[in-house]
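Please look through the structure below slowly, one chain at a time, before reading the explanation that follows it.

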Amino acid sequence: MADQPQTPKSDNSILNSIAFRGIAYQVLLGAAIALLGWYLYTNVNENLDRQNIATGWDFLEEPAGFGISESIIAFDSSQTFARIFLAGVLNTLHVAFFGIILATILGVTMGIARVSRNWLVAKLASTYVEICRNVPVVLHVIFWSSIIRLLPHPRQAIEPFDGAFISNRGLMLPFPFDHSLYPWLGLALIVGIAGAVYFTRWARITREQTGKYIATFWPSIGIALGVPLVVWLIGGAPLTWDFPALRGFNYQGGISLSPEYIALLIGITVYTAAFIAEIVRSGIESIHAGQIEAANALGLRRGFVMRYITIPQALRVIVPPTASQFLSLTKNSSLGVLIGYPDLVNIGNTSLNQTGQAVEAIAIMMLVYLTISLTISGIMNLYNKLVAIKER
Amino acid sequence: MADVEMNGAQNGGRKQTPAPVAEKIAVLRWVRENFFSSIGNTILTVVIGVFIVKFLPPFIEWAFFDAVWGAQTHEACRASEGACWAVITEKHRPMLFGLYPYEEHWRLIIALIVYVGAICITLTRRFWHVKILVPLWIANLAICCLLMWGGIFGLTFVETQQWGGLPLTMVLFTGTVVFGMPIAVLLALGRRSHLPGIKAVCVTAIECMRGVPLITILFVAVNVFPLFLPQGLEFDVMVRVMAGMAIFFACYQAEVIRGGLQAIPRGQYEAAEAIGLGYWQMMVRIILPQALRVCLPGIVNHIIAAFKNTSYVLIIGLFDILSATTAVMQDPLWRLFTIEAYIFVALIYFVFCFALSKYSQNLEQWLDQGRR
Amino acid sequence: MTEANSAATNDTVIELKDVNKWYGEFQALADINMSVKKGERVVVCGPSGSGKSTMIRCINRLEVHQRGTIIVDGIELTDNLKNIEAIRSEVGMVFQSFNLFPHMRVVDNLTLAPMLVRKMPKKDAEEIAMQYLERVQIPEQAYKFPGQLSGGQQQRVAIARSLCMQPKIMLFDEPTSALDPEMIKEVLDVMVELAEDGMTMIVVTHEMGFAKTVADTMVFMDQGEIVETAEPGKFFTNPDSERTQLFLSQILTH
């Protein structure tokens with residue numbers, strides 16, 4: 001018969017206490033990080049001194065010394081670095097904003113197309129998604145940039161419709177002349193949208209109280225657009241277009257979108273839309289067929305089933321990953337540095353090369369993106385909490 | 001009492017009536033359901049049909065019939081109206097292999113074959129044992145490094161500055177994944193730690209890396225990293241870039257692994273602790289094997305993304321396939337046919353990524369089966 | 001009891017004539033002929049794949065039959081949308097997997113259809129909803145989400161949801177098959193009560209105890225056709241067909 005194993009004696013050593021160890025690990029980690037940080041800091045200072053590179057944020061007050069090809073705010077090379085960084089941020093937000101809108105439209109359409117019962121539509125959408133997803137976004141942007149460079153010279157520009165010109169100098173479109181009525185139109189649009197919201201609310205309350213159903217979709221759009229339309233008509237319906245006209249080597253007038261902007265926009269939009277399409281598809285497919293059957297069995301019309309059953313549930317699945325795709329698109333706008341679009345990273349890169357102050361320039365870039373990213377994450381977390389479906 | 005006829009009961013067999021024609025002929029039924037099931041559907045089919053008829057033939061003409069294939073001169077390409085695939089025949093060596101010396105390309109080809117073979121073996125479920133995979137990859141990396149660097153066994157030495165094209169893409173990709181995965185596991189474990197200090201550090205690191213574009217990380221690797229090092233100590237730019245990409249990859253992967261860890265029921269942790277396993281023993285032997293299995297599809301998706309991300313080195317001047325192609329197509333004789341060259345590169349990426357993503361879907365199905 | 005019901009109201013509410021359905025080459029329903037009178041309780045049983053679910057799903061057009069006629073409450077079931085909507089308002093259905101809407105509270109699940117289809121004001125719809133919740137004995141769960149309820153409670157909510165449309169006919173597609181054993185009784189009790197109140201019901205189920213208590217007619221289906229039909233007394237003790245006997249021997253042994 002084997003001996004019973006010895007009962008281990010009680011150990012009171014503090015080294016084995018869980019609490020002590022926990023604290024010890026954290027203290028050690030903190031010390032290691034602090035040490036590493038100090039080491040890197042001294043090295044950086046030494047190296048910068050050695051190479052005669054300035055440090056600090058004073059350079060932001062200096063004139064930039066270089067211009068940029070396009071900007072939302074007026075800019076010339078005598079203005080400060082601070083201003084040029086601002087121009088870069090605005091350019092980034094500009095292409096990201098329109099990119100997000102276009103990618104959403106394209107992505108949602110493709111996502112719905114992928115689950116279509118029409119084989120042709122579904123296969124075409126699948127092909128688009130697979131091709132665009134599996135090619136790096138860098139290649140997308142360069143590809144479109146190359147295509148635009150192969151477009152004809154402005155003198156032989158393609159004219160798809162009156163006043164629009166596509167050439168290797170970009171896209172020109174006619175634009176309405178600035179008119180004193182426009183601020184009023186803007187105000188009227190806001191009033192119209194508010195009116196549409198109130199109308200929808202009133203329709204819902206009426207339905208709850210009397211049971212009568214009032215269609216709200218098209219009337220709301222009518223109200224939102226109708227108010228500005230009325231104001232416009234009252235103002236005498238002014239509409240003069242500024243048409244681009246060929247002067248010398250390029251077009252003047254109207255609005256122009258530079259080839260870099262277009263290439264970047266198309267590249268990141270097409271790439272991101274493919275991912276959004278997949279997200280939308282999985283959102284639609286996540287709804288159990290049984291739900292739809294139950295709704296049908298209750299006698300609900302297709303429109304109601306969409307509005308009250310399918311879309312609310314699908315959105316919960318679709319919105320969080322889509323928000324992260326929007327973020328991805330914003331970060332991908334940094335590819336402007338490849339093709340010459342003056343986004344934040346492009347400008348940061350140029351500044352870095354001009355001043356040699358790599359650390360500060362890169363820090364600015366990273367901080368801006370980090371802010372954008374954390375804001376969107378915060379909003380997303382809020383949304384998730386609001387719409388969470390409670391379970392046991 | 002309900003009124004019901006008894007059908008075929010007396011015969012003991014079942015009365016089989018043939019299906020109506022539209023149901024019976026499978027093709028007809030399929031066509032009807034998929035193309036013409038409703039008015040809206042029919043209109044859509046017709047519209048798309050018109051669209052295809054209008055645009056597909058010209059495209060096919062451009063891409064195939066009028067195209068210039070094989071080893072032709074650039075004049076021949078300019079003369080034709082179709083695509084110039086001859087540019088690939090002409091330029092594929094520098095595109096695929098960069099600045100690597102021409103006579104030594106055979107070494108790269110062998111290295112690629114060995115590498116791809118190793119990947120295929122890794123993906124086959126039958127070989128999923130640590131005892132097989134670890135020696136496999138050590139051998140794989142050793143052979144590839146040997147072939148690419150040379151210097152012994154009579155092979156001429158080729159320094160890393162001359163590596164380019166597909167091998168460089170593979171090297172960056174491998175380095176990113178091989179170094180990134182362990183860091184990812186550590187970050188994921190750290191983020192779930194009960195110790196607030198460690199958790200805070202991991203969360204900060206992960207959120208910061210995920211919030212900035214890869215380009216900025218690459219800038220840091222190229223411009224800022226040398227500043228961190230004392231004078232005289234230098235790292236090859238490729239190593240720095242690989243380190244940056246590995247950490248970037250690790251932060252995204254950490255989130256996926258964290259999801260996997262969360263999916264493991266508390267009971268597993270409790271059982272492991274109850275039998276006296278320490279933290280690392282529990283993690284390595286019990287929790288991680290299960291967690292990694294659960295989130296394997298997500299892991300593979302990020303690996304695919306890492307492959308695509310190697311194309312970013314174009315920005316900092318390393319010559320992966322895309323970058324090499326862009327450089328090569330500056331040749332004024334062939335500049336007009338840049339699109340064809342990019343289509344070729346896109347095809348290479350597509351084949352690799354698509355194959356991996358199909359594998360990932362296959363994996364998901366297999367995992368779902370196992371779980372039921 | 002059965003005779004009294006039939007004598008009082010002799011109208012047929014559901015009629016299936018020569019109904020056939022194919023999935024591609026496979027024939028799911030073969031020459032189904034059945035008619036159900038008002039207040040009658042029909043229990044359909046049979047091995048899996050026999051077409052029982054398919055048959056009742058054809059009645060409210062969740063499945064489409066290729067040949068034959070189905071007439072519900074005097075309205076013929078065709079492609080005509082108006083007919084389909086009218087029929088669906090009169091026929092309630094309870095599913096095996098409950099199919100409650102998880103993103104809406106229990107009370108909202110119940111009031112959705114009355115408000116949108118019968119155009120009831122919200123207050124009235126909520127009153128009716130609370131009435132039926134009390135009938136299925138879970139009024140206190142009204143403001144919870146389906147995910148917070150047990151399986152048996154969810155199925156009872158599903159029954160209440162169908163009842164809120166005040167249908168003339170209730171169809172049950174294996175209502176207890178997805179429930180844990182201890183919750184089956186609570187759902188069957190609700191169904192028995194419903195039957196005693198005079199609801200016309202067609203129930204597809206394996207619960208033979210329930211069938212013996214409640215059914216007016218037993219229907220046995222196999223391989224897409226109706227093999228036998230009889231009153232429960234005869235059906236369980238002395239069925240005509242051998243196939244029926246075989247089936248009963250298999251499911252009644254345990």
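This is a predicted model: local features need pLDDT of at least 70, side-chain atom pairs count only at pLDDT 80 or more; totals for chains, interfaces and linings use all residues.

Chain A contains 12 helices and 7 strands, where helices (H or I, at least four residues) and strands (E, at least two) are DSSP runs numbered from the N terminus. The radius of gyration of chain A is 29 Å, which is well over the 21 Å that the globule rule gives for 392 residues, so chain A is more spread out than a compact globule; this radius is taken over C-alpha atoms, and the globule rule is 2.2 Å times the number of residues to the power 0.38. Residues are numbered from 1 along each chain as its sequence is written, chains are lettered from A and ligands numbered from 1 in the order in which they are written, and side-chain values use heavy atoms, with hydrogens and water left out.

Within chain A, the domain assignment gives domain 1 (19-50) and domain 2 (81-177 + 240-387), such bounds coming from an automatic or database domain assignment. The centres of domain 1 and domain 2 of chain A, taken over C-alpha atoms, are separated by 41 Å.

On the α2(A) side the contact (heavy atoms within 4.5 Å) is made by F81(A), I84(A), F85(A), A87(A), G88(A), V89(A) and T92(A), and on the α11(A) side by L344(A), I347(A), G348(A), S351(A) and T355(A). By class, the residues of this contact of α2(A) with α11(A) divide into 7 nonpolar, 5 polar and no charged, where Ala, Val, Leu, Ile, Met, Phe, Trp, Tyr, Cys and Pro count as nonpolar, Asp, Glu, Lys and Arg as charged, and the others, Gly among them, as polar.

Turning to chain B, its secondary structure comes to 16 helices and 1 strand. The radius of gyration of chain B is 28 Å, well over the 21 Å that the globule rule gives for 372 residues, so chain B is more spread out than a compact globule. Its domain assignment gives domain 1 (2-79) and domain 2 (92-100 + 158-369), and 6 residues of domain 1 of chain B are in contact with 7 residues of domain 2 of chain B.

How do helices α8 and α13 of chain B pack, and at what angle? Helix α8 (residues 165-191) of chain B and helix α13 (residues 279-294) of chain B pack at an angle of about 110°, with their axes 13 Å apart, and that makes α8(B) roughly perpendicular to α13(B). The contact joins V185(B), L186(B) and L189(B) of α8(B) to Y279(B), W280(B), M283(B) and L288(B) of α13(B), and by class it has 7 nonpolar, no polar and no charged residues.

A second pair in chain B consists of helix α11 (residues 237-263) and helix α14 (residues 296-309), which pack at an angle of about 160° with their axes 10 Å apart; that makes α11(B) roughly antiparallel to α14(B). The residues of the contact of α11(B) with α14(B) divide into 9 nonpolar, 4 polar and no charged.

Finally, chain C has 10 helices and 10 strands. The radius of gyration of chain C is 18 Å, close to the 18 Å that the globule rule gives for 254 residues, so chain C is as compact as a globular protein of that length. The C-alpha atoms of chain C fill a box of roughly 55 × 45 × 40 Å, taken along the principal axes.

Notes
Axes are lines fitted to C-alpha atoms, for helices over the stretch in contact, and angles run from 0 to 180 degrees between N-to-C directions. Angles under 35 degrees count as roughly parallel, over 145 as roughly antiparallel, 65 to 115 as roughly perpendicular and the rest as oblique.
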